[in-house]
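Here's a quick briefing to read alongside the model. Have the sequence and the 3D view open as you go.

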Amino acid sequence: IIGVIWIVFSQLPPDEATGNTAASGPQIGLLAPNFTLIAIDGRPVTLSDLRCTPIVINFWATWCPPCRSEMPELERLWIDHGQGRDLILLGINQGENANIIEQFRTKIVNVTFPLLLDQDTQVAQQYNVQALPTTYFISADGKIQDIKIGGPMDQAMLLDGLNKIREE
C-alpha cells in the first residue's frame, strides 16, 4: 500500500501532491519579476531597464546537454533579430563562475548574446526554474507571454515564442 501511494504521489506535480493548488512563480500574462545580475563582462543588467523591447530569457548551464544543443539556435535568433535592437536575449547561467562560462562561450558554442551570472540561483528560484533549459518570452511591456521548459529548442519553437512577444 505504501508503495502504491508513493508511486501515485511521485507522478503528480509537486503542487498537486501536497494539495497546494496555488500557482508558484511567474505566470503567462503577468509582469516578469525584476532582477539585476552581472554579465560575464562585469556589467550589471537589470531586467526593468530593458523594457520597451521584447526579451527572451534562457536559464541554462554548461553541464546541461540540451542547453548546449540549443545555444546555436539561440545565437541564430539573436543575430537574425538585431542583436539587441529588435530583441534582447539573455542567457542566465546557473551557479557557475565567469571563467567557466567564458571558456564555454569562446571555445565551445561561440555565442555573442549576453550571458549573465546567477551564481546563487536566486533569480532561477524567483522564476521557479525546475528544469534546464527553461526559457521565458517577455513582451515589450514586461509581461510573460510564453514559457518553454526543457529542450533543446529548435528554430520553430523559438519563432513560436517570438511571435507571442512581437507587437502586432
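H3 and H6 cross in the right-handed sense, a crossing being right-handed if the near helix is turned clockwise from the far one by less than a right angle, and left-handed if anticlockwise. Keep in mind that this is a predicted model, where local features need pLDDT of at least 70, side-chain atom pairs count only at pLDDT 80 or more, and totals for chains, interfaces and linings use all residues. Residues are numbered from 1 along each chain as its sequence is written, and side-chain values use heavy atoms, with hydrogens and water left out. As for the labels, helices (H or I, at least four residues) and strands (E, at least two) are DSSP runs, numbered from the N terminus.

**The helix pair**

- The axes of H3 and H6 come within 10 Å and cross at roughly 45 degrees; axes here are lines fitted to C-alpha atoms, for helices over the stretch in contact, and angles run from 0 to 180 degrees between N-to-C directions.
- That angle is why H3 counts as oblique to H6: under 35 degrees is roughly parallel, over 145 roughly antiparallel, 65 to 115 roughly perpendicular, and the rest oblique.
- On the H3 side, Glu73, Leu74, Arg76 and Leu77 meet Gln155, Leu158, Leu159 and Leu162 of H6, with contact meaning heavy atoms within 4.5 Å.
- Sorted by class, the contact of H3 with H6 has five nonpolar, one polar and two charged residues; Ala, Val, Leu, Ile, Met, Phe, Trp, Tyr, Cys and Pro count as nonpolar, Asp, Glu, Lys and Arg as charged, and the others, Gly among them, as polar.

**The sheet**

- Seven strands make an open sheet with mixed pairing, in the order S2-S1-S5-S4-S3-S6-S7; two strands pair if DSSP finds at least two bridges between them.
- At the edges sit strand S2 (44-46) and strand S7 (144-149), each pairing on one side only.
- From one strand to the next, the twist averages 30 degrees.
- Helix H3 (residues 65-80) packs on this sheet, touching strand S3 (55-60), strand S4 (88-94) and S6, and its direction makes about 160 degrees with that of S3.
- Helix H6 (residues 155-165) packs on the sheet too, touching S3, S6 and S7, with its direction at about 165 degrees to that of S7.

**Hairpins and strand partners**

- Strand S1 (residues 36-39) runs antiparallel to S2, joined by three bridges, and Thr36 has Thr46 in S2 as its bridge partner.
- The S1 and S2 hairpin has four residues between the strands, and Gly42 in the turn has a positive phi of about 95 degrees.
- S1 also pairs with strand S5 (residues 115-118), antiparallel over two bridges; here Ala39 is partnered by Leu116 in S5.
- Strand S6 (residues 134-138) and S7 run antiparallel with five bridges, and the partner of Phe137 in S7 is Asp146.
- In the S6 and S7 hairpin there are five residues between the strands, and Gly142 takes a positive phi near 90 degrees.

**Disulfide**

- The structure holds one disulfide, meaning a pair of cysteine sulfur atoms within 2.5 Å.
- It joins Cys64 to Cys67, S to S 2.4 Å, and the link is right-handed with 75 degrees about the S-S bond.

**Backbone spots worth a look**

- Leu132 and Pro133 are joined by a cis peptide bond, with omega about -10 degrees; Pro133 lies in the loop between helix H5 (122-126) and S6.
- Another cis peptide bond joins Gly151 and Pro152, with omega about 10 degrees, and Pro152 is in the loop between S7 and H6.
- Asn110 has a phi near 50 degrees, a positive value in a residue other than glycine; Asn110 lies in the loop between helix H4 (98-109) and S5.
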